[in-house]
Amino acid sequence: MKIGEISERHIAVLKLRRSGMTFREIGAEFSISGTYAQKLAAEAMRYENRKPQWYDGLSIRAANVLIYGGIGSKEQAMTAFISKKIDPDRSLPRNYGWKIHLEVARWLGLSRPIKRKPLKN
């Protein structure tokens with residue numbers, strides 16, 4: 001699941017709760033405990049009241065790598081991506097590898113980057 005997204009199950013539990021069902025009834029409907037149904041509803045309400053962030057749509061790991069790398073907006077991420085300030089071959093920033101590079105490229109709406117062969121000295 002990406003940041004800023006909740007599952008269909010969360011939404012369904014919240015809708016049933018708002019329709020007047022108890023957590024025990026909701027749990028029986030989804031074959032889960034009433035406590036877990038309550039947890040799902042609480043998470044859904046938290047996301048519902050959450051303000052959008054610039055990194056929404058990225059995995060938590062990718063967002064953290066960009067934030068720790070000094071990126072503070074989607075525009076900065078685009079600039080850093082194009083100027084190769086963030087580069088998986090040099091692992092800049094730290095823990096920025098090809099998996100995150102491909103995810104960031106998709107998130108920015110760019111074509112899929114081609115993996116380069118490592119330079120030989």
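## Q76, a residue on helix 5

Let's start with Q76, which is partly exposed because its relative accessible area is 40%. (Buried means under 20% relative accessible area, exposed means over 50%, and partly exposed is in between, using a 1.4 Å probe and protein chains only.) Q76 sits in helix 5. Helices here are DSSP runs of H or I with at least four residues, while strands are runs of E with at least two, and both are numbered from the N terminus.

If you leave out residues up to four places away in sequence, Q76 touches G70 and I71. Contact means heavy atoms within 4.5 Å. Y47 is 29 residues from Q76 along the chain, and the C-alpha atoms of the two are separated by 25 Å.

## A note on the model

This is a predicted model, where local features need pLDDT of at least 70 and side-chain atom pairs count only at pLDDT 80 or more, while totals for chains, interfaces and linings use all residues. Residues are numbered from 1 along each chain as its sequence is written, and side-chain values use heavy atoms, with hydrogens and water left out.

Helix 5 covers residues 74-82 and helix 6 covers residues 98-108; their axes come within 11 Å and cross at roughly 120°. That angle makes helix 5 oblique to helix 6. Helix 5 passes helix 6 in a left-handed crossing. On the helix 5 side, the contact uses K74, A77, M78 and F81, and on the helix 6 side it uses H101, V104, A105, W107 and L108. Sorted by class, this contact of helix 5 with helix 6 has seven nonpolar residues, one polar and one charged.

Angles under 35 degrees count as roughly parallel, over 145 as roughly antiparallel, 65 to 115 as roughly perpendicular, and the rest as oblique. A crossing is left-handed if the near helix is turned anticlockwise from the far one by less than a right angle, and right-handed if clockwise. For the classes, Ala, Val, Leu, Ile, Met, Phe, Trp, Tyr, Cys and Pro count as nonpolar, Asp, Glu, Lys and Arg as charged, and the others, Gly among them, as polar.

Now for helix 4, residues 60-68: helix 4 packs with helix 6 at an angle of about 90°, with the axes 10 Å apart. Helix 4 and helix 6 are therefore roughly perpendicular to each other. Helix 4 brings R61, A62, V65 and L66 to the contact, and helix 6 brings I100, E103, V104 and W107. The contact of helix 4 with helix 6 has six nonpolar residues, no polar ones and two charged.

## The nonpolar cores

In soluble globular proteins, nonpolar side chains tend to be buried together. Here, the largest nonpolar core has 17 residues, and those with the most contacts inside it are L58, L66, F81, Y96, V104 and W107. (A nonpolar core is a set of buried Ala, Val, Leu, Ile, Met, Phe, Trp, Tyr and Cys residues joined through side-chain atoms within 4.5 Å.) Helices 4, 5 and 6 each supply at least two residues of this core, and helix 6 gives the most, with five residues.

What does L66 touch, not counting residues up to four places away in sequence? L66 touches W54, L58, I71, I86, Y96, V104 and W107.

## Helices 1 and 2

The axes of helix 1 (residues 8-18) and helix 2 come within 10 Å and cross at roughly 140°. That makes helix 1 oblique to helix 2. Helix 1 passes helix 2 in a right-handed crossing. R9, A12, V13, L16 and R17 of helix 1 make the contact with F23, I26, E29 and F30 of helix 2. These divide into six nonpolar, no polar and three charged residues.

## Residues in the loops

S31 lies in the loop between helix 2 (23-30) and helix 3. S31 is not a glycine, although its phi is positive, at about 60°. With 68% relative accessibility, S31 counts as exposed. K84, found in the loop between helix 5 and helix 6, also has a positive phi, near 65°, and is a residue other than glycine. K84 is partly exposed, with a relative accessible area of 42%.

D56 lies in the loop between helix 3 (34-48) and helix 4. D56 counts as partly exposed, at 22% relative accessibility. D56 and E5 are 51 residues apart in sequence and 7.9 Å apart in space, C-alpha to C-alpha.

Note on methods:
Axes fitted to C-alpha atoms, helices over the stretch in contact; angles between N-to-C directions.
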